[in-house]
Amino acid sequence: MVRVRFAPSPTGLVHVGSLRTALYNFLFARHHGGVHILRVEDTDRTRYVEGAVENLLRTMEWVGITFDEGPAHGGDYGPYTQSERTETYRKYADELIKNGKAYPCFCTSERLDEVRKHMQATGQPPMYDRHCRNLTDEEIEVKMEAGIPHVVRLRIPLGETITFNDLVRGDVSFDSKTIDDQVLLKSDGFPTYHLANVIDDYMMKISHVIRGEEWLSSTPKHVLLYRAFGWEDSMPKFAHLPLLLNPDRSKLSKRQGDVAVEDFRDKGYLPDALINFVALLGWNPSATEEIYSMEELIAQFDLAKVNKAGAVFGREKLDWFNAEYIRKKSLDELLILVKPIAKDRGYMVSDEYLKKVIHLMQERSRSIFDFVDFAGYFFKAPTEFEEKSKAKNWTPEAKERIAQLLPQFKALTDWTHESIEGIVRSYAEANTLSAGKLIHPLRLAVSGVGMGPGVFELLEVIGKDEVCSRLEYAIANL
RNA sequence: GGCCCCUUCGACUAGUGGUUAGGUCACCACCCUUUCACGGUGGUUGCACGGGUUCGAAUCCCGUAGGGGUCACCA
């Protein structure tokens, strides 16, 4: 039975790296008909952010990643929030101490800092000097009696090689002498990630741990913990995903641009586009196809095809995906997305009108904001006119021709792009002009810019009265 | 610095001993065209380097270089 978990720490907004981890867990679970679990790892009280869990839930819903068990979903292995499980962790930590697999450590953080500094100064790797590893029972008791704060550390066996198999990277080995006597229980009684993670994965019967590569070097600690508990036989399989990278190939971070899923939503990206893009960062089904729906991703997903090397989060291709998904949407779907934006800009138009605008803008929009922000002329008359186009197209002759065209427009009873085009083309023909001599100045006068949808469609949508009034304005003022 | 991981066009990647090294984004050119897009056609650019193994290496082995991650009472 495949049981996987997405285990975020509620410390803020959801990072796109976390999104990819959640996505792969979700795809893997669904592909195998398994269970996808959400577990909240809130053992660091100092970093906890109010509302982060709610935000996470909303974000996951927005992108279409669902869970079968979790704080808001129920399940037989709860609670799914680590701060509600502290008794369990303490119990297991005690068991480890009794078995001699762990020991209490009374060192102050000041002492620890000094030790670290000294080791670095003498060119050694900064590790705990195991000062409390061999305290006698009496010494421990005395310090306990005195109420000296302590942590619990794992007694790492000396001189062992820990090897585990990673589904992405194959066998990976570590020498135990390079591993610190890890803190399992902090002095505030809360567990560290390592302890809570191993206990929960065991108790929740997790079959596969799919997480970012930043965890690879702490995996031997986890393996040792499974051994210390005697749970080695039910140890999950590990799969460490390649990191998402900044353009300079460092770990993807804020500072070099937006990294929160919310930022992408706020910039007009569609969830399906983001998912499609992120899914293909570090994994590829070996096909030439690029566009995949969530259902197709589930059908295709295979951990064996996850790459080893980190992937740069390149926004150009994300933009392409977004444009691609915008083109695939129906007018009604787009209306729902664009309407609030138009409203926000103060453009009060009917749904019918907005749909016409959307239709003309659909294949030129890369973001859902483009429908409104690159097409302001559909909503209000231009007050500024692009200088470049003006210099090129708004010649005195052009102005004269537009003035001659205007009465014909006014007389037109059938205001469709076909009949508008008919008028313009026959005028051009009668005067042996290329149609462009009329089209370009018309566009400028009506829209204020030199680019956009086909002019005749543009004029049709904007409407006869408005077009005529804009032309009159341009003739008088430009 | 120690340990671990990684290395195919600028980016995402296909490729698992024999390919003219393929696709997508971006870029360039041309076509379509009233502009911008869309679409179509074509194109520039890549196996980090050095040794092996082999009749034959992007593919296997070793080394070097480069990049990244990690070394907290954070996850």
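Colleague: Over how many bridges do S3 and S4 pair, and in which sense?
Modeller: S3 and S4 are joined by four bridges in the antiparallel sense, where pairing requires at least two DSSP bridges between two strands, and strands are DSSP E runs of at least two residues, helices H or I runs of at least four, both numbered from the N terminus. This is a predicted model, in which local features need pLDDT of at least 70 and side-chain atom pairs count only at pLDDT 80 or more, while totals for chains, interfaces and linings use all residues. Residues are numbered from 1 along each chain as its sequence is written, chains are lettered from A and ligands numbered from 1 in the order in which they are written, and side-chain values use heavy atoms, leaving out hydrogens and water.

Colleague: And what stands opposite Cys105?
Modeller: That is Val151 in S4.

Colleague: In what order do the three strands of that open sheet come?
Modeller: The order is S3-S4-S7, with antiparallel pairing. Strand S3 (102-105) and strand S7 (183-185) stand at the edges with a single partner strand each, so one side of each has no neighbour in the sheet. From one strand to the next, the twist averages 45°, with axes fitted as lines to C-alpha atoms (for helices, over the stretch in contact) and angles taken between N-to-C directions from 0 to 180 degrees.

Colleague: How far is a phosphate oxygen from Gly282?
Modeller: A polar backbone atom of Gly282 is 2.5 Å from a phosphate oxygen of RNA strand B.

Colleague: Which element gives the largest share of the surface near the RNA?
Modeller: H11 does, contributing four residues.

Colleague: Last topic, backbone geometry: which peptide bond is cis?
Modeller: The bond from Gly78 to Pro79 is cis, with omega near -5°, and Pro79 is placed in the loop between helix H2 (52-63) and helix H3 (86-98).

Colleague: What is phi at Arg130, and where is that residue?
Modeller: Arg130 is not a glycine, yet its phi is positive, near 60°, and the residue belongs to the loop between helix H4 (109-121) and helix H5 (137-145). Ser286, likewise not a glycine, has a positive phi of about 65°, and lies in the loop between helix H9 (271-279) and helix H10 (294-300).

Methods
A polar contact is a pair of N or O atoms within 3.5 Å; within protein, one must be able to donate a hydrogen and the other to accept it, and residues adjacent in sequence count only if both atoms are side-chain atoms.
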